[in-house]
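User: Got a model open here and I'd like to talk it through with you. Can you take a look?

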Amino acid sequence: MATAQVSISPEALKASQHSERSPDPCIVVIFGASGDLTKRKLLPALYHLEQAGNLPENFAVVGVARRPLGQTFAEEMKEGIESGGGVDAAEDDLQPFVDRIRYHQMNFDDDKGYAGLKGLLAEMDGQLGTQGNRLFYLATAPEYFSDIIRFLGEHGMAQPEELRPEERTSWVRVVIEKPFGHDLESAKALNDEVNKVFHEDQVFRIDHYLGKETVQNILVFRFANGIFENVWNRNYIDHIEITAAETIGIEGRGPFYEKAGALRDVMQNHVMELLSFVTMEPPVSFEASAVRAEKIKVYRAIKPIHFADTVRGQYGPGIVDGKAVAGYREEDRVHPRSQTETYAALRVEIENWRWAGVPIYLRVGKRMAKRVTEITIQFRQPPLLLFKDTNGKCMEGITSNVISMRIQPDEGIALRFEAKVPGPTMCISPVDMNFNYSEAFGVSSANGYERLLLDAMLGDGTLFSHRDGVEATWALMTPVLEHWAKNPIKDLPNYAAGTWGPTTGDALMEMDGRKWRKL
Ligand code: BG6
């Protein structure tokens, strides 16, 4: 196994952790702050930004939620930051950061609550010098998004206070968590509501996958290297696979997952984002409008998905990591005859000059055999005429070249190629050349939220979804969802927890004479 040698100096590596751009003083206001996301991801990410010197001096966080948490909120967040990793209890003094965390209790549909919030933010501007800049973060259940947006508009909180745009010295932005809608119609309706109140430039639809280093590295790998782009097309590539497999189940999120399912929860957003990065044309620059435009072109070039090219599955009881686990239908607050899919696989094709005729297989699933998100680029088989007469026995298993991009865990990239096995006969065997992120750079990759929160504070939308992109992916998924809803399947559950999904998922590739890569 060969490992990539890195030539970046320790100083340059350290400098890369620090953003050259520094956000303006601001307040991050998190709606739905009593939820898991705030404690486990958002606050640890903000603290890591602070540690790296990437937050402005005048900065504060306000958590907004319905529960009467008061002072205990900041303490709970402190615990979240400590258990979120990257904090050395003996050395780090969290208190100055924790002192900048406030809590505002309100119902999301309560008019008075917004008036109170507006007052609190103005008061904090006076005390902390946050200059009227606001980053509203909607981390609530999706059914509250519309209300919050509308009330922020009605209370004059969606725009900076000054009236004339050229006079504005402060900014207001809104980050909206997924799921953004549950089908095309609802996504369009939500987009309309959002854009009635916020200008599109103020809107940051977040998909945390885009904050992952390995996902951003797809673009660097393709466009900062001269040798790959020439073969990145239908002439050389046989097919592409994207797998996002998880070993966890639904983690107590029964009511959410029952309405979502694997296609809505992971395929429509995370996997489609990965697909766009792998297949898009080089953008003219790394600016938001240029990158988003290329992504949207890819989505629009995907052929409508044949129902025969779709597979769904649901896990039954099984063994995961050596432990017996319940089936989906036995999970808390899940219907005992639920039709919700916990596994989905699709075969899609992009109808453009680069990709026509190259099948792309996508699969996502919960309670699978292994936690792994990987993109596999399988190249065409060379003619091999040269080696056809060599010892048949040791020619077994000749494989095509593969570039695999490991998004998580064990982040990295590997190239599989054939090599001569040492010895007097001409034996050939596949070998892997590996680049492993943490070994090469000696740093573990940050949780995606750090980069995305920083970008949102800086007003950089490159790694966020545009309304057209979200609608384009829903346009692809909605007919599949409608077809599935009308055609329940009888044999659910159809895979045991801890396996690679239903046999129909394997058949999707087998009918093309292919197999999922062993991960
Ligand atoms: C979330 C989904 O968006 O992504 C979860 O709602 C899923 O169901 C999660 O588990 C996966 O994210 P990650 O970063 O753990 O791969």
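User: How many salt bridges does a search of the whole structure find?
Analyst: The search finds 28 salt bridges, where a salt bridge is a side-chain nitrogen of Lys or Arg within 4 Å of a carboxyl oxygen of Asp or Glu. Keep in mind that this is a predicted model: local features need pLDDT of at least 70, side-chain atom pairs count only at pLDDT 80 or more, and totals for chains, interfaces and linings use all residues. Residues are numbered from 1 along each chain as its sequence is written, and side-chain values use heavy atoms, with hydrogens and water left out.

User: Ok, take D147. Which residue does D147 form a salt bridge with?
Analyst: R150, with the closest N and O atoms 2.8 Å apart.

User: And where do D147 and R150 lie?
Analyst: Both are in helix α6 (residues 145-154), three residues apart, about one turn of the helix. Helices here are DSSP runs (H or I, at least four residues) and strands are runs of E, at least two, numbered from the N terminus.

User: Switching to domains. What does the domain assignment give?
Analyst: Domain 1 (14-176) and domain 2 (210-510), with bounds from an automatic or database assignment. Their centres, taken over C-alpha atoms, are 33 Å apart.

User: How many residues are in contact between domain 1 and domain 2?
Analyst: 21 residues of domain 1 touch 11 residues of domain 2, contact being heavy atoms within 4.5 Å.

User: What area do domain 1 and domain 2 bury between them?
Analyst: About 1,500 Å², 72% of it on carbon and sulfur atoms. That's the accessible area (1.4 Å probe) the two parts lose on being put together, summed over both. On the domain 1 side, R21, L49 and R173 lose the most area, together 30% of what that side buries.

User: How many salt bridges are there across that interface?
Analyst: Zero by the rule. There are three residue pairs in polar contact, both residues at pLDDT 80 or more. A polar contact is a pair of N or O atoms within 3.5 Å; within protein, one must be able to donate a hydrogen and the other to accept it, and residues adjacent in sequence count only if both atoms are side-chain atoms.

User: Which element gives the most to the domain 1 side?
Analyst: α2, with seven residues.

User: Last one, the ligand. Which residues are around it?
Analyst: Among them are E246, R253, D265, H270 and Q408, each having a heavy atom within 4 Å of the ligand. A polar side-chain atom of E246 sits 2.5 Å from a ligand oxygen, and for Q408 the distance from a polar side-chain atom to a ligand oxygen is 2.5 Å.
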